[in-house]
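Morning, everyone. Please bring up the model on your screens. I'll take you through a loop, some charge pairs and a pocket.

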Amino acid sequence: MRAAMITGYQQPLEIVNMADPKLPKDGIIMRVRATGVCRSDWHTWMGHYADQITLPLIPGHEMAGDIIEVGSDVTSLVPGDRVTVPFGLACGRCHTCLDGNHQSCITQVQPSTDFNGSFAELIALPRANVNVVKLPDEVDYAEAASLGCRFITAYRGVVEQAALRPGDWFVVHGCGGVGLSAVMIAAAMGANVIAVDVDDTTLAMATKLGAMAIVNALRSENVPEQIIDMTNGGAHASMDALGSTVTCQNSILCLRAMGRHVQVGLMKDKDEYPEIPMGVVVSREIDIRGSRGMSPKNYPAVFNMIRSGVVAPKSLIGSELNLEEGADLLTRMDQFPGTGFAVITSF
């Protein structure tokens, strides 16, 4: 099979021909029809997880495709099924999984970190009975791949962690893939959404997706104070969808009393241990919540929203690429090239 492979940190990916993956007893072989190009894999390429992974490694964790083989222990899937998976594959047996929180499984494994990912014609996926999700006919491969990390992460962050109610003020700091997804979902829920970014084109897209107000952080003298003025006292909930000390602090500082900060953006290097305005957290009784991924149990709700037209993840796809183009784009994800999701659909 053809694949794009990380052979050295911060080096161009290599396009290789390699042996097809072996079928796990508890898993499937999937023919990849679409896979997203995500900034999380840029972190891998940079070497931020060098203590957790072994090179060479195929990146890619947002995927959709067709099952071509099933392992002997797989009971609910057959060749030909159109499927997707969350980016973290849960064990289904630990106390966290038994509570229904598969996204926080303490022994989960992840394609592109623990084993070869989806920048390839084929991928072997273990733990299929617990994690593989069948796609409805209304959701095509590219749209399903766009759900894979960013949209489902935004969905859980907005619906469960931010606990939004109609009429709440909700602020999204950083309008990349996760941020734009959060804008769309929160607006569909009836929240008053404010989008914050540094790029006017991205902010214009956020407006089209339902943001009722925008803030260009480069032109704002003080982002939190501006939001507090706009919301007459501060937001009910706010999300850092980028992952930097500045966006994290701004998200906390723009909240009203009893507000909820949701940290979704990954924070590495100089931002790994940000200064938190803890005095504000205490005095306003701010709730700080992390959010990472989504359990397979939530996919039916997402699919129902897509069927009804309440959300349209497909509209977030900015470009469809071939394998070589996707491999090149991955190395430039820190530059935030383009608007919306980029999806590899040709291998």
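Where is Asp-199 found? Asp-199 sits in the loop between β9 (192–197) and α6 (200–208). Helices here are DSSP runs of H or I with at least four residues, strands are runs of E with at least two, and both are numbered from the N terminus.

Some ground rules. This is a predicted model, where local features need pLDDT of at least 70, side-chain atom pairs count only at pLDDT 80 or more, and totals for chains, interfaces and linings use all residues. Residues are numbered from 1 along each chain as its sequence is written, and side-chain values use heavy atoms, with hydrogens and water left out.

Back to Asp-199. Its relative accessible area is 33%, so Asp-199 is partly exposed. The scale: buried is under 20%, exposed is over 50%, partly exposed is in between, with a 1.4 Å probe and protein chains only. A polar atom of the Asp-199 side chain lies 2.8 Å from the backbone nitrogen of Thr-202.

Now the salt bridges. Each is a side-chain nitrogen of Lys or Arg within 4 Å of a carboxyl oxygen of Asp or Glu. How many does a search of the whole structure find? It finds 13.

Take Arg-2 and Glu-324. Their side chains meet in a salt bridge at 2.4 Å, N to O. Arg-2 is in strand β1 (residues 2–5) and Glu-324 in helix α11 (residues 323–330), so this pair ties together parts 322 residues apart in sequence. Arg-2 is partly exposed at 24%, and Glu-324 is partly exposed at 36%.

Next, Arg-33 and Asp-66, with a salt bridge at 2.7 Å, N to O. Arg-33 lies in strand β3 (residues 28–37) and Asp-66 in strand β4 (residues 63–70), so parts 33 residues apart in sequence are tied together. Arg-33 is partly exposed at 36%. Asp-66 is buried at 13%.

Salt bridges with shared partners join Arg-165, Asp-168 and Arg-260 into one network. Are Arg-260 and Asp-168 buried or exposed? Both are buried.

Last, the second largest pocket. Its volume is about 180 Å³. Of its 13 lining residues, Arg-39, Gly-243, Lys-268, Lys-270 and Asp-271 are the closest to its centre. A pocket is an open set of points on a 1 Å grid over the protein atoms alone, where a 1.4 Å probe fits, with protein on both sides within 12 Å along at least five of seven lines; lining residues have an atom within 4 Å of a point.

How values were computed: Grid points are joined across faces, edges and corners, and a volume is the space filled by probe spheres set on the points. A polar contact is a pair of N or O atoms within 3.5 Å; within protein, one must be able to donate a hydrogen and the other to accept it, and residues adjacent in sequence count only if both atoms are side-chain atoms.
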